[in-house]
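Morning, everyone. I'll take chain A and then chain B.

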Amino acid sequence: MSAKQESGGRVIFTKEMKRDYTILFPNMLPVTFTLISEVFNQYGYKTKMLTETDSVVVENGLKYVHNDTCYPALLVIGQLLSAVKSGKYDDKKLALMITQTGGGCRASNYIHLLRKALHKSGYGHIPVISLNISGLEKNPGFKLGLSMVRKLLASMIYGDFIVWLRNQTKPYEVKSGASDELTEKWTHQLIEKFRHRRGLGKRQMRGVLREIARDFAAIALTGEKKKPLVGIVGEIYVKFAPLGNNNLEAFLLSEGCEPVVPGLTDFMIFKINNRVVDVDLYGGSRLKKAACTVMQRYIEGYQREMAAALSEFPQFRKMGSFSDLQRLIKGYLGYGNKMGEGWLLTAEMLELIHSGAPNIVCTQPFGCLPNHIVGKGMIKRLKDDYPESNIVSIDFDPGATRINQENRIKLMIANARVAE
Amino acid sequence: MIKIGIDAGSTTVKTVVLGDDNTILFRSYERHKACVRDAVLRQFEQASAVLPQETPVVVAITGSAGLGLSKAAGLPFVQEVFATAKAVRSYPETQDGTAVIELGGEDAKIIFFGQNGSIEERMNGTCAGGTGAFIDQMAVLLNTDAAGLDDLAENSEQVYNIASRCGVFAKTDIQPILNQGGRREDVAVSVLQAVVDQTIAGLCQGRELTGRIVFLGGPLTFLKQLRRRFTETLSLTEENAVFPENADVFAALGAALYAGDVLSGSATPPAELRKKLQSAATDIDGQKTLPPLFSSEEEIAAFRERHSRAAAPEVDAQVYSGDAYLGIDAGSTTTKLVLITPDGGILHSFYSPNEGSPVELVKRQLDEIYKKFLDRVTIRGAVSTGYGEELIKSAFSLDSGIVETIAHLEAARHFVADVDFILDIGGQDVKCFKIANRAIDSIMLNEACSSGCGSFIETFARALGYSAEEFSQLGLLAKAPVDLGSRCTVFMNSSIKQAQKDGAAPEDISAGLSISVVKNALYKVIRATSPDELGRRIVVQGGTFYNDAVLRAFELEVGAEVTRPSIAGLMGAYGAALIAKRLGLAESALITQEQLAGFTYESKPVTCGGCTNKCHMSINTFTTADGQTRKHVSGNRCSRPVTGKVNELPDIAAWKYEYLRSLNDGGDPDGKTIGIPFVLNMFENLPFWKAFFQTLGYKIKLSAPSSRQLYLLGQKTIPSDTVCYPAKLAHGAVQSLIDRGCTTLFYPCMPYNFDEGISDNHYNCPVVAYYPELLAANMKMPDNVRFFAPYFNLANKKGFIKRAGEYFSRTDILGASPKDVKRAAKAAFSAYEAYRSKLLSETEIAISYARENGLPVLVVSGRPYHIDPEINHGINKMMTELGFVVVTEDGISCKQGYEKRSVLNQWTYQARMYNAARQASQMPNTEFVQLVSFGCGTDAVTSDELRVILEGRGKLYTQLKIDDIQNLGAVRIRLRSLIAASDERKAESGREAAI
């Protein structure tokens, strides 16, 4: 390891690089991240979302990341390295970007592990950009302006909203693929709207959300009996990313279930709220608390728009709010439980149970530290309090075979059917 | 209507045919040896006799290998736990059961039946420990089968503590017990007990097993002693332990019953069923495959010719007369012995599985050698190495013993003088070392994983009904080796399961396994990223490399030709013999032919009562013909049971533990008692809280000292079986406080630790931070018990004083006045400071002591709670025994300031390790080891970084993985290798200085 790396020096993404460097980043939420990628491009970046899922991804991950590191790090780094090594991109004009949450979980370390891996494989010159809301690492060539942040937030809201609806029509659609087509159509329309700075303010957003809901409501459904609802919660990457969870949503669909996946918005609010809670619990800057509260309220306002748009369509499931989750978790975990998905994960399970979806797949990477507590650690309490809860905890890692995972999920589904 | 249930499991296929009245017309249980679909078809043919010709029948398939079959055959599938529950509910004998424990080949399940008819199931997840396959694997170690193991267990005297989570760990536990002369009977019963413990620990997850328990599955049907272990461990009365008839085929029964209930509409004539099963048997799914190992027989011949060149000098043993040297490698699974001439020619060699008693094997060999060579040969030196080094040395009065890593290096040098990389893959060890400047530069041993080892292939070959040799030959010409990935055995088992499901042939599995073993060794143990990293002159050795498929896979993977000595499997013994020669003795002390004639030996298991470690020891007594007896104690951690004295070298880990335990008031008779579980961060913060509560007028009461019993006390409330052992102990600690009548328990949640200014942030790991909340949610607290788990951040002194004032003044908490709380907080902070400075001065004293006496210092780096003797199993004692002065990371970390790391340096405890490593590398005559608890996620980050820090500064990095396993055999090897490597480095720099 060079002296530069040892002293923690990192390759900076400069203004010059912004002009002609391609920025690769891993997929996590297919819809939201497609929007985000386009937002970046609208501000002069050249981004490319990676969706490769072949076995080279895992191989590269195993090769360059410590085996006991969490599975998401292994996949994300494997995916990025595979792309770097694929020869498809000029590595002299290449940058990588990953999200960084900060906080006491191992996940905050992904970016450092990625740099180590790049260094080891001879690509130490490639800059890595941290995408975070904590101001963790700064790059002169990568700045998030206010208008860009608005578009990014809007991407998250629209992404959550579309997936929410799609999951409810897809299991019942008459014309196979109709929901996915509509998702695609709206993704394109939103990109165009963003380009012209439309659909961003709350009022405009309300209108667009209604339009989206109307379109999904218009999808012809078979009218068959409601399928068992199966909630997905868990560590954020394996919860959302098809690569991380062996395409769990598709599996649930193929097993005749309707997946319910709480979105990214609550997680984002949760991460901001953590800072407010820190000041409440341990003392600290009131100014910081006030600023974070403003930010939290702002996103909660967007969240209310989603709920409002949905209220006009009783055929769709209601969307909860962050304050609902805060209320539900009382008596289970403290608000100070913030590493990884923290109390939010348990709260999402509670919300699912309360909203008629007590069948839950709780996903985590093998050996996930926070999930020992907020996932597996809470299942017994939930079962005691809500005997109808039917939760299966699934570990994901490169060695865990699909057959084993699917077998366990099938058991949960068989139980769900009996309960009906 | 006739109903058929087919249960295609991981190792067996079960078929049941039920008649109109649900009587069993046919039942069959057989091992499928990887050919699932053929076995199903065969059973179906057998069942045909009882099936009607024309009348349609119903069928349902279940089992872990059944899903693929059902898809391929287009027949209905029912989830196996669901099927089992169905059967349990249908028979009077079992229907009032409260829970089912079912062990299968690779599955273990508990099904709980709730009062309102609800079912709750627990299946083993990614871990296959504690299953039938585990028992099979362990039986192989004892050179018997599962039934033989059961017979052995009947005559047991004591139960050893064996980890069953993973075959690897169990083997690590069992091998030394066997090698040190433990009784096979006791090992057998311990294996079964381990299965019971694993089932209960892994699957109960906070729910108690009470009432009538129904036991199902093959192992529980056939193994009487396993039943007994379960019944006794769960304290079940005879009527509450139900072992129903046909327990081995219950899932198949359930599938048949399910078919009868649900599928009557889809009945099919038997002939059509047969067709569907036949087509499934020939239908093979697309399977991920790898390129073949060889493309032609010629290629194999050329490969063999090349490797035959690396041979020991020829010597005619029949006529040779002169000096000779003896080397014995009492390895983990095999015993190796060679007798060589001064130039390294082999006069006699021996390689055999231990079959439980290496002493007996060596005795017979010595006898043979004496008879064969009579007076022609004079043995001038005899040296032993390997796990059983000391036992053999003491039994036969050898001249010396040498740690195995050094023996291997010596041997490798004989073949490639400037070897720079040695990879030794043995039965259950992978050893790998790089050599730089003629000294061992780094050592890597497998600890968490046995899939890079040979015994896995062997065990698997046997399970498929082949010898290891046959199985390896099969693989050479496999056309499409299965891609099994690279990870631990347990996971590999399920990958193979999947491959079998997809119809892979045994030869493809054989080749695939060889490739996996190599990949594991390379990427899991060695952690190489490219072949260039390994070195240019590579010697591969160990019994596993006799397997040409493995050797070839290795060469293909690293893309280079390597040297495999013809005596690859004997290298340890060969090296020992070469070292015996180097001793330059005029006469060897080796047992003489006369003495050997009447040699007898006896081994007695005892438990040492000298301290809390409660070492399980074996006292071996050797008697020779002339009536001389020698005793050898094995399994001990310190010299107390041998010499009656404990080594008195300074040991900061021991000092800290005693100091902290001495803070225990044992509670207050007037009831003003705060119970504190002495776990995790309490090993750091106890002085703080003691002073805090003392100032408020309370006495503290600590949980009982950690022990195996304490762990078992809380075992059933542990929800996550993959969490680290230190966290698991917290359950027992809290229970012990409750059991001792403590009604006010305090254990705060602390996401933040103290900020020592040496890191980018100052967190605790998530487990340390939030475990109190997990305990509150999973442990049964009596109504009168109050469990206080508030959130505090001690790094923010002002914030803490305010927050603690609010919290402890609440009348439902302590009702203390905020003013008193402020005073208490101040006292607490000073007490903590006082503890820290005391620790630093004690550390100074220890280091000066080392300097004055010319002793090496060992920095034992881990978390504060690693000083718990139940967590570190007395490693610190072993260290002082080996001549080290022991200091801990927190005593020297403050000697270094902040430095940017290439990983995010955000945990206080972990940051101390980085600084301790930097400090250690500046201290003369000082070595560094890292203690890592199995399952510790943060150490996946720290261990690589520590290696970089140390190796970048010319120090050796040594990692010791610790777990609930008591045995320290591997730890000892590492420490001794560390000493040897460090000595060699010193000698080397001495030589350089001389030039």
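What follows is a quick tour of domains, a helix pair and some strands. One caution: this is a predicted model.

Chain A, domains. The assignment gives domain 1 as residues 3-144 and domain 2 as 228-419. How far apart are the C-alpha centres of the two domains of chain A? They lie 26 Å apart. The domains do touch: 20 residues of domain 1 of chain A are in contact with 21 residues of domain 2 of chain A. Look at the domain 1 side. Two elements give two or more residues there: helix H4 (55-64) and helix H5 (71-85) of chain A. The largest share is from H5(A), with four residues. By type, that side of domain 1 of chain A has twelve nonpolar residues, six polar and two charged.

Next, a helix pair in chain A. Take helix H9, residues 202-217, and helix H13, residues 286-311. Their axes come within 9 Å and cross at roughly 35 degrees. The crossing of H9(A) and H13(A) is right-handed. Who makes the contact? From H9(A), we have Lys202(A), Met205(A), Arg206(A), Leu209(A), Arg210(A) and Ala213(A). From H13(A), the residues include Gly301(A), Tyr302(A), Glu305(A) and Met306(A). In total the contact of H9(A) with H13(A) divides into eight nonpolar residues, one polar and four charged.

Now chain B, starting with a sheet. This is an open sheet of five strands, in the order E12-E11-E10-E13-E14, with mixed pairing. Which strands sit at the edges? Strand E12 (346-353) and strand E14 (400-401) of chain B do, each pairing on one side only. A helix packs on this sheet: H21 of chain B, residues 571-582. H21(B) touches strands E10 (322-330), E11 and E13 (377-385) of chain B. The direction of H21(B) makes about 135 degrees with that of E10(B).

Zoom in on one pairing. Strand E11 of chain B, residues 334-340, runs antiparallel to E12(B), over seven bridges. As background, strands of a sheet pair through backbone hydrogen bonds, either parallel or antiparallel.

Strand E22 (673-676) and strand E23 (699-702) of chain B are joined by four bridges. Here the strands run parallel. Ile676(B) stands opposite Leu702(B) in E23(B).

Note on methods. Residues numbered from 1 in each chain as written. Chains lettered and ligands numbered in written order. Predicted model: local features only at pLDDT ≥ 70, side-chain atom pairs only at ≥ 80, totals over all residues. Pairing = 2+ DSSP bridges. Contact = placed C-beta atoms within 7 Å. Axes fitted to C-alpha atoms, helices over the stretch in contact; angles between N-to-C directions. Domains from an automatic or database assignment. Nonpolar A, V, L, I, M, F, W, Y, C, P; charged D, E, K, R; others polar. Left-handed = near helix turned anticlockwise from the far one by under 90°.
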